[in-house]
Amino acid sequence: MITIETILLIAGGYFAGSIPTGVVLSRLFSARDIRAEGSGNIGATNVYRVLGLKLGVLTLLGDVLKGVLPVLAARMLLSYDAGVAWVA
């Protein structure tokens, strides 16, 4: 049975995944639009190539955490594996 906690965790995971980490970091730490340079991709590889190692690694870390944190929260808050699978 899907509980309100499961629904909120699914929504939270969805919204966390919708944050464009590469765009956010490129706007915070440079005046360059990552979508208009290099391959045009907002991922860690393009951020690394265009803006350097530090921002590339931060983008990768941010992208990984967007997937890991909702699943860890679901594992801690939900008592059934199917709910964790829904969040994942």
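**Exercise 1.** Find how exposed Asp63 is, and which residue Asp63 forms a salt bridge with.

*Solution.* 
Step 1. Asp63 has a relative accessibility of 29%. Buried means under 20% relative accessible area, exposed over 50%, and partly exposed in between, with a 1.4 Å probe and protein chains only. Asp63 is therefore partly exposed.
Step 2. The partner of Asp63 is Lys66, with the closest N and O atoms 3.3 Å apart. A salt bridge requires a side-chain nitrogen of Lys or Arg within 4 Å of a carboxyl oxygen of Asp or Glu.
Step 3. Asp63 and Lys66 are three residues apart in helix 4, so about one helical turn separates them. Helices (H or I, at least four residues) are DSSP runs, numbered from the N terminus. An α-helix has 3.6 residues a turn, so residues three or four places apart point the same way.

The structure is a predicted model, in which local features need pLDDT of at least 70 and side-chain atom pairs count only at pLDDT 80 or more, while totals for chains, interfaces and linings use all residues. Residues are numbered from 1 along each chain as its sequence is written, and side-chain values use heavy atoms, with hydrogens and water left out.

**Exercise 2.** Decide whether Asn46 is buried or exposed, and find what its side chain reaches.

*Solution.* 
Step 1. Asn46 lies in helix 3. Its relative accessible area is 2%, so Asn46 is buried.
Step 2. The Asn46 side chain reaches the backbone nitrogen of Ser39 at 3.1 Å and the backbone oxygen of Asn41 at 2.8 Å. A polar contact is a pair of N or O atoms within 3.5 Å; within protein, one must be able to donate a hydrogen and the other to accept it, and residues adjacent in sequence count only if both atoms are side-chain atoms.
Step 3. Beyond neighbours within four places in sequence, Asn46 is in contact (heavy atoms within 4.5 Å) with several residues, among them Ile34, Glu37, Gly38 and Leu51.

**Exercise 3.** Name the buried residues of helix 2 and the helices they pack against.

*Solution.* 
Step 1. In helix 2, Thr21, Gly22, Val23, Leu25 and Ser26 are buried.
Step 2. These buried residues pack against helix 3 (44–51) and helix 4.

**Exercise 4.** Classify the aromatic pair.

*Solution.* 
Step 1. The whole structure holds one aromatic pair. Rings of Phe, Tyr and Trp (its six-membered ring) pair if their centres lie within 6.5 Å; planes under 30 degrees apart count as stacked, over 60 as edge-to-face and the rest as tilted.
Step 2. The ring centres of Tyr14 and Phe15 are 5.6 Å apart and the planes stand at 75°, so the pair is edge-to-face.
Step 3. Tyr14 and Phe15 are both exposed.

Technical notes:
Helix = DSSP H or I, 4+ residues; strand = E, 2+ residues; numbered from the N terminus.
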